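Here is a short briefing for someone meeting this structure for the first time. Look at the picture, then work through the points by topic.

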Number of protein chains: 2
Amino acid sequence: MTQDNRASVGVVQARSLTLEQALELDCGESLGPITVAYETYGRLRGRGDNAVLICHALSGSAHAAGFHGELGHSPGWWEDAIGPGKAFDTDKYFIICSNVLGGCSGTTGPASLNPATGKPFGIAFPVVTIGDMVQVQRALLAALGLDHLLAVAGGSLGGMQALEWALRYPGFAKSALVIASTPRLSAQSIAFNAVGRNSILSDEHFAGGDYYGKEIPATGLAIARMIGHITYLSDEAMHAKFGRALKGRGEFSYGFGQEFSVETYLDHQGSKFVERFDANSYLLMTKAMDYFDAAQSWGSGSLAQALQRVAARVLVLSFSSDWLFPPYQSLELVDALLSCHKDVTYLQVESQAGHDAFLLEVDAVAAILGRFLAATARKEGA
Amino acid sequence: MTQDNRASVGVVQARSLTLEQALELDCGESLGPITVAYETYGRLRGRGDNAVLICHALSGSAHAAGFHGELGHSPGWWEDAIGPGKAFDTDKYFIICSNVLGGCSGTTGPASLNPATGKPFGIAFPVVTIGDMVQVQRALLAALGLDHLLAVAGGSLGGMQALEWALRYPGFAKSALVIASTPRLSAQSIAFNAVGRNSILSDEHFAGGDYYGKEIPATGLAIARMIGHITYLSDEAMHAKFGRALKGRGEFSYGFGQEFSVETYLDHQGSKFVERFDANSYLLMTKAMDYFDAAQSWGSGSLAQALQRVAARVLVLSFSSDWLFPPYQSLELVDALLSCHKDVTYLQVESQAGHDAFLLEVDAVAAILGRFLAATARKEGA
């Protein structure tokens with residue numbers, strides 16, 4: 001996975017910017033000022049001719065590439081995909097990534113101070129939608145002086161944002177790269193999200209979301225993350241990685257401690273996550289995913305009708321063993337785009353890595369991502 | 001699903017019997033006396049010529065058919081499959097079903113009084129295996145005067161018991177019906193079980209398993225059940241049943257209450273389960289499933305070697321959309337049985353119902369179950 005033979009963007013700066021103007025959210029509330037954490041890599045040409053907006057997934061942040069502090073420390077979450085000579089080639093493109101609204105990595109979210117009370121918003125933070133996240137990104141770009149994009153790209157929750165961009169601001173981004181994503185979640189995925197939220201909401205330390213500076217709902221959040229992790233991996237990947245291996249001496253303990261390697265792994269993932277993620281943001285991110293429905297929001301329930309508005313070229317990528325955002329959902333999107341004569345390219349990548357493939361199988365898709373961006377740039381005469 | 005045109009066994013009696021002799025369990029502990037809750041339907045011939053032992057799944061009980069108290073009340077969990085003219089035809093066969101060791105429906109389990117302390121066992125109850133459950137069933141049959149069986153049958157955890165019967169007591173049951181089951185769980189299924197247990201163990205009311213007569217770990221158990229329920233249904237079934245339907249007025253609440261129909265359903269399943277199931281038994285049942293590994297226990301890791309011991313005719317049934325006990329696992333079992341020239345019949349049933357198909361799609365498999373039993377009886381000259 002590490003791309004030792006290719007350079008990194010190196011040490012990068014975490015930036016932020018405050019949008020003073022309040023924004024009208026989908027829920028009807030107005031919110032502002034809004035601080036947005038972002039990073040950029042590469043050099044901008046024009047007012048966006050070579051600009052690519054990267055949208056992160058549930059647990060991501062604005063730190064998509066390079067290192068914080070010093071080389072080798074805290075690599076960006078998509079370090080394999082962004083850099084000189086990589087899929088998102090920083091020798092050619094100006095890359096922007098920002099933390100989503102409602103997140104917990106620098107952008108205004110539930111842990112931010114509510115100007116009305118002087119205390120953290122907590123659960124009073126408005127329930128944000130994918131549309132709201134995109135609206136904030138649009139305002140950030142305006143503040144940075146960009147009035148168009150070569151591309152908007154993202155995987156999972158990030159892919160929902162890329163698709164929403166193509167629907168909400170047609171023409172702004174010349175292309176949208178929708179990776180391991182969907183125009184709407186299935187009942188099964190909504191169900192997994194609901195159980196995760198339930199686990200957080202019923203944690204004894206959740207305290208109605210007002211836990212800042214006190215004990216946090218660590219157990220509930222860890223369990224939500226464990227459920228998530230199972231859905232990010234495939235059955236095959238878990239079999240290959242853990243099988244039925246036991247951690248200790250290879251004998252059953254006849255107790256209820258962690259015993260199989262897969263249990264230790266999940267426990268570790270849960271504990272790590274709790275250190276870096278806010279439970280209230282987890283509630284918000286999963287709810288935004290549940291609510292996202294491109295057909296409902298833009299086509300009165302018809303995906304084909306919704307997609308009439310799309311002006312961007314669209315690249316759709318799915319991964320064969322992804323059962324959280326299964327390929328059939330990408331195919332529905334592609335089919336609906338074709339039915340309204342849109343410019344769409346679709347690739348289903350064979351992979352055992354499940355939903356996580358969009359983070360792990362960058363090498364397999366680097367060439368097509370690179371060519372798609374180059375072709376878009378050529379077409380736009382950039 | 002309901003078999004209006006076929007009769008039921010009618011009102012049935014819950015029975016129980018106490019095995020005074022202590023049993024040596026797989027964990028090394030000895031346990032006794034053991035009370036076993038059981039029911040029987042139909043009339044016995046000989047010392048087991050027409051006797052069929054039914055093994056229940058995680059949340060089942062000895063009450064497999066008929067009604068308790070009065071007609072129409074509390075149907076057995078496999079009412080569709082057991083009765084006059086049904087798959088397990090009570091005009092022909094003598095059916096026995098008992099609650100498993102460690103359960104919470106009448107058989108000795110964690111809520112039973114520990115003779116050593118005079119208080120409920122709680123978490124001090126030994127961690128039981130599928131082998132232990134089968135050992136208790138064997139002792140029950142002996143106490144009832146049976147020294148052989150025409151068949152042993154079960155779905156899911158019950159199918160593990162049926163397979164264990166064929167391995168532990170070869171020759172006792174003339175046939176084994178292994179339905180929607182597996183010779184060993186995958187890492188993915190172990191992971192789901194582990195998260196469910198985690199949720200129970202970290203419930204503030206779990207109190208080290210010593211919650212009898214106090215507030216019970218209802219939230220933890222409900223969340224475990226919700227996770228379970230998602231895995232019992234298929235993506236297709238959930239889509240068909242719920243899709244993205246909202247419960248209320250069809251508008252988003254922008255809050256964290258139950259909102260999608262699938263959330264209401266899961267919440268209901270969680271609450272119902274908590275009323276009838278003991279969290280300590282849930283821990284035990286899932287652990288027994290995790291530990292079950294026919295290859296490891298009987299063949300030093302080789303399934304084919306393990307199955308050399310089998311003397312029973314085996315029927316293996318899997319369901320196409322079952323992703324918890326996926327068809328490929330049944331096929332591994334069939335393949336290994338064939339490799340050692342055993343008498344095996346395999347059917348993969350096309351169904352959208354997921355793992356729950358073994359409870360819901362009885363009509364689709366009634367004919368083959370009936371014919372397999374009849375053929376076994378004919379072969380045995382019964």
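How many residues of domain 1 of chain A are in contact with domain 2 of chain A? The count is 23 residues of domain 1, which meet 17 residues of domain 2. This is a predicted model.

**Chain A and its domains**

- Chain A holds 12 helices and 14 strands.
- Its C-alpha trace spans about 65 × 50 × 50 Å along the principal axes.
- A compact globule of 382 residues would have a radius of gyration near 21 Å, and chain A agrees with this at 20 Å.
- Domain 1 of chain A is made of two stretches, 15-184 and 293-379.
- Domain 2 of chain A covers 190-285.
- The C-alpha centres of these two domains of chain A are 26 Å apart.
- On the side of domain 1 that touches domain 2 in chain A, 13 residues are nonpolar, 9 are polar and 1 is charged.

**The sheet of chain A**

- Chain A has an open sheet of 8 strands with mixed pairing.
- The strand order in chain A is E1-E4-E8-E5-E11-E12-E13-E14.
- Strand E1 (15-19) and strand E14 (344-349) of chain A are the edge strands, and each pairs on one side only.
- From one strand to the next, the twist averages 20°.
- Strand E12 (residues 175-179) and strand E13 (residues 313-319) of chain A run parallel and are joined by 5 bridges.
- Within this part of the sheet, Val178(A) stands opposite Val316(A) in E13(A).
- Helix H12 (residues 362-379) of chain A packs on the sheet.
- H12 of chain A touches strand E11 (151-155), E12, E13 and E14 of that chain.
- The direction of H12 of chain A makes about 175° with that of E14(A).

**The sheet of chain B**

- Chain B has an open sheet of 8 strands, in the order E1-E4-E8-E5-E11-E12-E13-E14 and with mixed pairing.
- At its edges stand strand E1 (15-19) and strand E14 (344-349) of chain B; each has a single partner strand, so one side of each is left without a neighbour in the sheet.
- Strand E4 (residues 34-41) and strand E8 (residues 94-98) of chain B run antiparallel, with 4 bridges between them.
- Tyr38(B) stands opposite Ser98(B) in E8(B).

**How the two chains meet**

- The contact between the chains involves 41 residues of chain A and 41 residues of chain B.
- On chain A, the elements that give two or more residues to this side are helix H3 (187-201), helix H4 (218-232), helix H5 (235-241), helix H6 (261-276) and helix H7 (279-291).
- H3(A) gives the most, with 11 residues.
- The side of chain A that touches chain B has 23 nonpolar, 9 polar and 9 charged residues.
- Which surface does each copy use? Of the interface residues of chain A, 100% are also interface residues in chain B, so the copies meet through the same surface.

**How the copies are related**

- Two copies of a chain are related by a rotation about an axis and a shift along it.
- Here a rotation of 180° with 0.0 Å of shift along its axis superposes chain A on chain B, with an RMSD of 0.0 Å.
- The two copies are therefore related as by a two-fold rotation axis.
- Which residue of chain A comes closest to the rotation axis? Glu204(A) does, with its C-alpha at 3.5 Å.

**Backbone details**

- Most residues other than glycine have a negative phi, and most peptide bonds are trans.
- The peptide bond from Gly32(A) to Pro33(A) is cis, with omega near -10°.
- Pro33(A) sits in the loop between strand E3 (30-31) and strand E4 (34-41) of chain A.
- In chain B, the peptide bond from Gly32(B) to Pro33(B) is cis, with omega near -5°.
- Pro33(B) sits in the loop between strand E3 (30-31) and E4 of chain B.
- Tyr254(A) is not a glycine, yet has a positive phi of about 50°.
- Tyr254(A) lies in the loop between H5 and H6 of chain A.

Terms used:
Residues are numbered from 1 along each chain as its sequence is written. Chains are lettered from A and ligands numbered from 1 in the order in which they are written. This is a predicted model: local features need pLDDT of at least 70, side-chain atom pairs count only at pLDDT 80 or more; totals for chains, interfaces and linings use all residues. Two residues are in contact if their C-beta atoms, placed from the backbone, lie within 7 Å. Ala, Val, Leu, Ile, Met, Phe, Trp, Tyr, Cys and Pro count as nonpolar, Asp, Glu, Lys and Arg as charged, and the others, Gly among them, as polar. Copies are superposed by least squares on the C-alpha atoms of residues with pLDDT of at least 70 in both. Domain bounds come from an automatic or database domain assignment. Two strands pair if DSSP finds at least two bridges between them. Axes are lines fitted to C-alpha atoms, for helices over the stretch in contact, and angles run from 0 to 180 degrees between N-to-C directions. The radius of gyration is taken over C-alpha atoms; the globule rule is 2.2 Å times the number of residues to the power 0.38.
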